[in-house]
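Please look over the structure below. This briefing covers its salt bridges and one of its helices.

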Amino acid sequence: MRASFIIFILVCFGHHDIKAQDEICPDGDRFFILQNYFSALEAYMACYYMDSSYKKPLLSAANCLFLLGDYQKAKTYYHLLETDTLYNTDAKIKLASIYESQQNLPKAIRYNIALSKIFPGNPSYLRKLGSLFQQGNEPTQALQSYQAAMRLNDRDLLAVQGLSEMMLSLEQPFVADSLITQAMTVDSNHIGLSLLHGRVKYKLKDYVSCAHILHKLTYQTELNNYYNKMLGYAFMQIDSLDKSIYHLQKSLLNEGDPEYAFFYLGFAHEKKKEYDKSKYFYSKAIKAGISENLNQYHVGLARINTTTGLYKEAVENYQASLKYHNDPTLYFYMASASEQYLKDKSKSIEYYQKFLSANTSDISMKETARNRVKLLKEQRFMKGIVK
């Protein structure tokens with residue numbers, strides 16, 4: 001009976017202490033509810049300085065600083081609370097968030113590992129660890145963390161999205177495709193997953209699916225330049241040229257790197273036989289070009305000039321392309337084009353011979369080149385030209 005009475009007294013006093021702690025700073029709580037965090041902070045710190053044995057006001061003050069964006073000062077208070085048995089978990093939750101926002105990956109990982117052990121049934125910390133390990137270029141730990149999160153909750157689409165992103169970056173698009181396809185059965189209208197699915201299909205060169213996925217999204221959201229460019233290219237690959245041009249044009253809005261969009265527009269208009277527009281965009285791509293693909297833009301101009309009978313310009317375009325990439329097949333095209341406008345065929349013969357001396361595997365082109373050299377030399381001989 002005496003023991004029961006002592007326990008009853010301790011419980012009563014324990015409840016009294018907790019209640020006292022909860023109500024120790026009513027002014028701070030009132031300001032906090034009103035989201036007047038500066039006044040709340042001042043009140044909480046006044047309460048804490050009156051009796052520093054109660055840590056609840058310090059936690060509340062740290063939360064005010066956190067909400068005000070003063071992470072540096074908030075961090076100091078949360079670290080003081082790490083050893084407090086009542087509030088150390090609250091402190092670790094906020095510290096994990098702060099260090100993540102500051103891109104301090106080692107400390108963000110450390111606190112999220114601690115939280116995943118405190119709350120083993122909460123997959124969000126494992127998912128967060130997956131993302132942090134991925135950012136830290138630790139794919140093995142990232143994979144393990146994402147998989148652990150998905151074992152706890154296979155409907156965690158953020159975990160699926162993070163793992164799929166990682167698979168795509170590791171050049172495993174088929175795995176990413178499988179993961180996303182399964183996830184889309186949970187939410188077929190998930191915009192983030194749909195955008196990622198479009199990227200995966202593009203990587204797999206499944207341009208029909210890529211175009212279908214991204215075009216469907218245009219009714220749900222506004223695609224940015226990156227995805228408009230991707231959609232435009234996918235439409236071009238399946239010969240939906242008008243749609244391709246529309247989205248490639250959209251991708252140029254406030255675009256800081258328009259090189260590829262100009263090139264694709266040039267190619268799309270070339271396929272539509274709109275040669276003036278095509279030449280315009282190929283020329284724009286050359287002016288904007290900083291990549292290793294500059295040779296392709298010159299070749300595009302050469303094709304059009306050959307098609308429209310501007311052979312001299314075509315040869316000049318091929319010569320410009322050779323400055324960026326030594327493609328021996330261009331000598332064949334230069335020889336063919338030069339035949340059309342040069343009376344003296346010696347240059348054509350020279351180009352054909354350069355092509356034949358290169359290591360090329362196209363048997364048909366080689367045979368054609370040999371026959372042309374033989375014929376052109378015979379014609380020169382008949383005209384009395386010895387060289």
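Buried means under 20% relative accessible area, exposed means over 50%, and partly exposed lies in between (1.4 Å probe, protein chains only). Helices are DSSP runs (H or I, at least four residues), numbered from the N terminus. This is a predicted model, in which local features need pLDDT of at least 70, side-chain atom pairs count only at pLDDT 80 or more, and totals for chains, interfaces and linings use all residues. Residues are numbered from 1 along each chain as its sequence is written, and side-chain values use heavy atoms, with hydrogens and water left out.

**Helix H13**

- Six names make up the buried list of H13: Tyr207, Cys210, Ala211, Ile213, Leu214 and Leu217.
- H12 and H14 are among the parts that cover these buried residues. Contact here means heavy atoms within 4.5 Å.

**Salt bridges overall**

- A salt bridge is a side-chain nitrogen of Lys or Arg within 4 Å of a carboxyl oxygen of Asp or Glu.
- The structure has 17 of them.
- One network of salt bridges links Asp177, Lys201 and Asp206.

**Lys128 and Glu100**

- Lys128 and Glu100 form a salt bridge, and their closest N and O atoms are 3.0 Å apart.
- Lys128 belongs to helix H8 (residues 123-135) and Glu100 to helix H6 (residues 88-101), so the pair ties together parts 28 residues apart in sequence.
- Lys128 is partly exposed, at 28% relative accessibility.
- Glu100 is also partly exposed, with a relative accessible area of 26%.

**Glu171 and Lys203**

- A salt bridge joins the side chains of Glu171 and Lys203, at 3.2 Å from N to O.
- This pair links distant parts of the chain, 32 residues apart. Glu171 sits in the loop between helix H10 (157-169) and helix H11 (173-183), while Lys203 is in helix H12 (residues 191-203).
- Glu171 is exposed, at 53% relative accessibility.
- Lys203 is partly exposed, with a relative accessible area of 40%.

**Glu222 and Lys250**

- The side chains of Glu222 and Lys250 form a salt bridge, at 2.8 Å from N to O.
- This pair, too, links distant parts of the chain, 28 residues apart. Glu222 is in the loop between helix H13 (207-217) and helix H14 (225-237), and Lys250 is in helix H15 (residues 241-250).
- Glu222 is exposed, with a relative accessible area of 58%.
- Lys250 is partly exposed, with a relative accessible area of 28%.

Key
Helix = DSSP H or I, 4+ residues; strand = E, 2+ residues; numbered from the N terminus.
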